[in-house]
Amino acid sequence: MAAKRKATSAPVGRREDLLVKVEEAQRKAGCVSEGFIFETAQSLGLPVSEVYGVTTFYSFLSVKPLGRNVIRVCKSVPCYLKHAEMIIENVQKVLGILPGETTVDGRFSLELTNCIGACDQAPAMLINDEVHGHLTPEKIGEILRSYK
Ligand code: FES
């Protein structure tokens, strides 16, 4: 009888495959489903908790379906010091949703994130892969209207 392999003894290559697999699932399906997490854990010989942990650690991965356009407003210190809260409040007001929520029509999801690498343009946000910087509350409506 073969010895049962411990989940934590997965070959290094398998752990390296994990992030690639969840990123691919996110890109194709718009989220990493519970079913995908279980299947991936099984196929890579990893604990479900590890796959779930990786999926929920990265702000660019989501276990729930997101809107067609995902807004990620930076909440890190440089943006905070440039009044990122006013940007967050204005996006909430325009869309009628809170961070972590999606509009009823599925057009937008709002997320808060750590630095997106645009500190020189603080306060900044991403919409999908596009950076919007030097934000003011007045710019928010026009920016959001450009996304269908
Ligand atoms: S701190 Fe906001 S983009 Fe870097």
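Lys 28 is exposed, with 66% relative accessible area (exposed means over 50%, buried under 20% and partly exposed in between, using a 1.4 Å probe and protein chains only). Welcome to a predicted model, in which local features need pLDDT of at least 70, side-chain atom pairs count only at pLDDT 80 or more, and totals for chains, interfaces and linings use all residues. Residues are numbered from 1 along each chain as its sequence is written, and side-chain values use heavy atoms, leaving out hydrogens and water.

- The partner of Lys 28 is Glu 24: the two form a salt bridge whose closest N and O atoms are 3.1 Å apart (the rule asks for a side-chain nitrogen of Lys or Arg within 4 Å of a carboxyl oxygen of Asp or Glu).
- Side chains of opposite charge can pair when their charged atoms come close.
- Both residues belong to helix H1 (residues 12-29), where they sit four residues apart, about one turn of the helix.
- Glu 24 is partly exposed, at 33% relative accessibility.
- Searching the whole structure turns up one salt bridge.

**Overall architecture**

- The protein has six helices and four strands (these are DSSP runs numbered from the N terminus, with helices being H or I of at least four residues and strands E of at least two).
- Read from the N terminus, the order of elements is α-α-α-β-α-α-β-β-β-α.
- The radius of gyration is 18 Å, well over the 15 Å that the globule rule gives for 148 residues, so the protein is more spread out than a compact globule (the radius is taken over C-alpha atoms, and the rule is 2.2 Å times the number of residues to the power 0.38).
- Along the principal axes, the C-alpha atoms fill a box of roughly 70 × 30 × 20 Å.
- Among contacts with a separation of 6 or more, 59% are between residues 24 or more positions apart (a contact means heavy atoms within 4.5 Å).

**Burial and surface**

- Of the 148 residues, 38% count as buried.
- In helix H6 (residues 137-145), the buried residues include Ile 140, Gly 141, Ile 143 and Leu 144.
- The cover over the buried residues of H6 includes strands S1 (69-74), S2 (108-113), S3 (125-127) and S4 (130-132), along with helix H5 (84-95).
- The accessible surface is about 9,000 Å², and 56% of that belongs to carbon and sulfur atoms (areas come from the Shrake-Rupley method with a 1.4 Å probe, and for residues only the protein chains shown count as cover).
- Val 77, Tyr 80 and Leu 81 make a nonpolar surface patch of about 350 Å².
- Val 77 lies in helix H4 (residues 77-81) and is exposed, at 56% relative accessible area.

**Cysteines**

- The disulfide count is zero (the rule is a pair of cysteine sulfur atoms within 2.5 Å).
- Cys 74 is buried at 2% relative accessibility, whereas Cys 115 is partly exposed at 42%.

**Backbone details worth a look**

- Most residues other than glycine have a negative phi, and most peptide bonds are trans.
- The peptide bond from Ala 122 to Pro 123 is cis, with omega near -5 degrees, and Pro 123 is placed in the loop between S2 and S3.
- Asn 128, in the loop between S3 and S4, has a positive phi near 55 degrees and is partly exposed at 27% relative accessible area.
- His 134 has a positive phi of about 50 degrees, although it is not a glycine.
- The loop between S4 and H6 holds His 134, which is partly exposed at 46% relative accessible area.

Conventions. Patches are made of residues with over 30% relative accessible area and no salt bridge: like charges are joined within 9 Å, nonpolar side chains (Val, Leu, Ile, Met, Phe, Trp, Tyr) within 5 Å.
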